[in-house]
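Hi everyone, thanks for making the time. I'd like to walk you through one model today, so let me put it on the screen.

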Amino acid sequence: MTVFFEDQTLFNDFINHETVALAFSITDAEAVSYYWTIPAVKLDQDQIAPGGIDQDVFENVEFTAFRDAATKCMVQVDRFSATGPV
């Protein structure tokens, strides 16, 4: 994944070999939303891709998902209809 740094939190998690969570959402053309959660992620490699002086810093990060003890899953997908419950 490619990440944008607001601060050094994610980079510090990588340096300290912390387990982090990854979550994002996608909405399709019919307004159905999918919420993806990977609750236990270890960041494996990072390659900083600086553009230049006074430019935003993005980083290409490889990660591995692990089974989360609390949710008992590696990936969770929640689907929400645009029309609500039937």
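This is a predicted model: local features need pLDDT of at least 70, side-chain atom pairs count only at pLDDT 80 or more; totals for chains, interfaces and linings use all residues.

Let's start with Asp68, which is found in the loop between strand 4 and strand 5. Residues are numbered from 1 along each chain as its sequence is written, and side-chain values use heavy atoms, with hydrogens and water left out.

Is Asp68 buried or exposed? Asp68 counts as buried because its relative accessibility is 17%; the cut-offs are under 20% relative accessible area for buried, over 50% for exposed and partly exposed in between, with a 1.4 Å probe and protein chains only. Leaving aside neighbours within four places in sequence, Asp68 is in contact with Pro39, Ala40 and Cys73, where contact means heavy atoms within 4.5 Å.

Met74 has its place between strand 4 (57–65) and strand 5 (76–80), and it is partly exposed because its relative accessible area is 42%. Lys72 is in the loop between strand 4 and strand 5 as well, and at 60% relative accessibility Lys72 counts as exposed. Lys72 also has a positive phi of about 55° although it is not a glycine. As a reminder, most residues other than glycine have a negative phi.

Where else does a positive phi turn up? His17 has one of about 55°, and His17 is not a glycine either. His17 has its place in the loop between helix 1 (9–15) and strand 2, and it is exposed, with a relative accessible area of 60%.

Now let me zoom out to the whole chain. The secondary structure comes to one helix and five strands, in the pattern β-α-β-β-β-β when read along the sequence. Of the 86 residues, 20% count as buried. Among contacts with a separation of 6 or more, 50% come from residues 24 or more positions apart.

What makes up the largest nonpolar core? Ten residues do: Val3, Phe5, Phe14, Val20, Leu22, Ile38, Val41, Leu43, Val61 and Ala65. By nonpolar core I mean a set of buried Ala, Val, Leu, Ile, Met, Phe, Trp, Tyr and Cys residues joined through side-chain atoms within 4.5 Å. Strand 2 (19–27), strand 3 and strand 4 are the elements that give two or more residues to this core, and strand 3 supplies the largest share, three residues. Take Val20 from that set: leaving aside neighbours within four places in sequence, Val20 is in contact with Asp13, Ile38, Pro39, Ala40 and Val41.

Let's stay with strand 3 for a moment. Ser33 is in this strand, which covers residues 33–50, and Ser33 is buried, with a relative accessible area of 13%. A polar contact of 3.2 Å joins the side chains of Ser33 and Thr27; that term means a pair of N or O atoms within 3.5 Å, and within protein one must be able to donate a hydrogen and the other to accept it, while residues adjacent in sequence count only if both atoms are side-chain atoms. Beyond neighbours within four places in sequence, the contacts of Ser33 are Ile26, Thr27, Asp78, Arg79 and Phe80.

Gln45 is in strand 3 too, and at 42% relative accessibility Gln45 counts as partly exposed. With neighbours within four places in sequence set aside, Gln45 is in contact with Phe14, Asn60, Val61 and Glu62. Gln45 and Phe14 are 31 residues apart along the chain, and 8.4 Å separates their C-alpha atoms.

My last stop is Ala31, in the loop between strand 2 and strand 3. Leaving aside neighbours within four places in sequence, Ala31 is in contact with Phe80 and Ala82.

Key:
Helices (H or I, at least four residues) and strands (E, at least two) are DSSP runs, numbered from the N terminus.
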